[in-house]
Amino acid sequence: MPEPEPPTAAEPEGVPTSAGATEPADSGAARARSAPSSTAVTGATLQLENLSKRYPGAALPAVDSVNMEIAAGELVVLVGPSGCGKSTLLKMINRLIEPSSGRIRIAGDDVTRIDPVKLRRKVGYAIQASGLFPHMTVAENIALVPKMIGWSKAKVRSRVEEMLDLVGLDPGEFHGRYPRQLSGGQQQRVGVARALAADPPVLLMDEPFGAVDPITRDHLQDELIRLQHELHKTIVFVTHDFDEAIKLGDRIVVLREQSHIAQFDTPEAILTNPSDDFVSGFVGAGAALKRLNLTRVRDVGIADFPTVSVDDPLQSIFNRLRASTHNELLLLDRRGRPYKWLRRGDLMRAKGSLARAGTLVNDYVTRDATLRDALEAVLTDSGGRVAVTGRHGEYIGVVDMETLMNSVHELLDADRLTALAAQHELEDVRVQQVHEAQEGSTAIGPGGGR
């Protein structure tokens, strides 16, 4: 029986550092939507000081005096209109593009004063379409930087296996493959593994998921979130998709032309209190629904569901279907991954053949998927539920429509209360202003004296 391909993934990088910068109060480590982890932060503080890029003959700089501080272990997303300089700004951090002026500090060290080649070996870089070398195997691609910096063969070999496992790819299966033998999502996973292989403190990601299909993109985003929970790297991520920025970012930088910062804040703050009309244009309509991107599946109830395996005898599957309070079962493949939904009567209509029975599981979500992802998956399936999978695609449970709708109602109720509180606060301010104006007018006499 054919088995479904394992879910795709992607991820960041970092290295232990002695940098002890204080993390902003509204950064990822302090946010309620970030899952707790016992893993220490391995990223480094990143500071941009008056960073600019001027091209010869251009009337205006492409990037103009950007100042930004990113905490160790924080994931910051740069978003803005085409031509605003966000990719140029990103590439200046590892000096693929040399700054015209300004400073870049990593863990307090001014990296504009060191060899740019050495710098790039300390800063991970993941791009759209993975950028893998086609003549190298997966293992050779991942091992590239560790070999350059002089790691032993045994250490490199161990690191390659560790990185493949980290991004959810079986080392035994993928070690010797070439990029052309991988799906788009698998290539992106390997690209992230390569970026992380030398354990750099900073990871730069330039629209890394832009070239894959929407379902694979969702799963790669989820995998990046999971990896960041484990690694706590400092990640700067460029995207043109504001929904992606909301889903991924601990904080978001909304950029105007020349990379002028319009707002640098948490997704919650930008959604509820955009700084001006320019930022409001990025938020767009349906801010309340966009907040579904701020809550993860792991934060709501994941229910158990009756399952059977492709290796189970047909009679036991029949018996399980008859005894179940549900009108269907979830058939798992030999690796414990969701394979088919089996409803009562499916086996009879398929004349007892599992190969012909049931409906293939076309979508699933991970624990790090957003409620919006889960809701979209449920709405595209007539069964009113979606399977939840773990790191290697293994079945964990299901999330159903009732759970999701309850969460939506809670979010909307919270928004109403917030709006009402803000309205009362504005009314109090107005009353106070009127009161002060009235006191001022009575204190001044008709002739202008007291």
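Trainee: How are H6 and H7 oriented to each other, roughly parallel or oblique?

Mentor: First, the provenance. This is a predicted model, in which local features need pLDDT of at least 70, side-chain atom pairs count only at pLDDT 80 or more, and totals for chains, interfaces and linings use all residues. Residues are numbered from 1 along each chain as its sequence is written, and side-chain values use heavy atoms, with hydrogens and water left out.

Mentor: Now the general idea. Two packed helices are described by the angle between their axes and the distance between the axes. Axes are lines fitted to C-alpha atoms, for helices over the stretch in contact, and angles run from 0 to 180 degrees between N-to-C directions. Angles under 35 degrees count as roughly parallel, over 145 as roughly antiparallel, 65 to 115 as roughly perpendicular and the rest as oblique. Here the axes of H6 and H7 cross at roughly 25° and come within 10 Å, so H6 and H7 are roughly parallel to each other.

Trainee: Which residues of H6 and H7 meet?

Mentor: Contact means heavy atoms within 4.5 Å. On the H6 side there are Gly-185, Gln-188, Arg-189 and Leu-196, which meet Thr-216, Leu-220 and Leu-231 in H7. By class, this contact of H6 with H7 has three nonpolar, three polar and one charged residues. For the classes, Ala, Val, Leu, Ile, Met, Phe, Trp, Tyr, Cys and Pro count as nonpolar, Asp, Glu, Lys and Arg as charged, and the others, Gly among them, as polar.

Trainee: At what angle do H3 and H4 pack?

Mentor: Helix H3 (residues 138-148) packs on helix H4 (residues 153-166) at an angle of about 125°, and their axes are 9 Å apart. That makes H3 oblique to H4. From H3, the contact is made by Val-138, Ala-139, Ile-142, Ala-143, Pro-146 and Lys-147, and from H4 by Val-156, Val-160, Met-163 and Leu-164. The contact of H3 with H4 has nine nonpolar, no polar and one charged residues by class.

Trainee: Which residues of H3 are buried?

Mentor: Buried means under 20% relative accessible area, exposed over 50%, and partly exposed in between (1.4 Å probe, protein chains only). In H3 the buried residues are Val-138, Ala-139, Asn-141, Ile-142, Ala-143 and Pro-146. They pack against H4, helix H5 (171-174) and helix H6 (184-196). After H3 comes Gly-150, with a positive phi near 90°.

Trainee: Is Asp-165 buried or partly exposed?

Mentor: Asp-165, which lies in helix H4, is partly exposed, with a relative accessible area of 34%. Leaving aside neighbours within four places in sequence, Asp-165 is in contact with Pro-171, Arg-391 and His-392.

Trainee: What is the relative accessible area of Arg-217?

Mentor: Arg-217 has 13%, so Arg-217 is buried. This residue is in helix H7 (residues 214-231). Its contacts, leaving aside neighbours within four places in sequence, include Asp-241 and Glu-244.

Trainee: Where does Ala-387 lie?

Mentor: Ala-387 is in strand S16 (residues 385-389) and counts as buried at 0% relative accessibility. Its C-alpha atom is separated by 7.7 Å from that of Asp-363, 24 residues apart along the chain.

Trainee: How many helices and strands are in the protein chain?

Mentor: The protein chain has 15 helices and 17 strands. Helices (H or I, at least four residues) and strands (E, at least two) are DSSP runs, numbered from the N terminus. Of its 450 residues, 48% count as buried.
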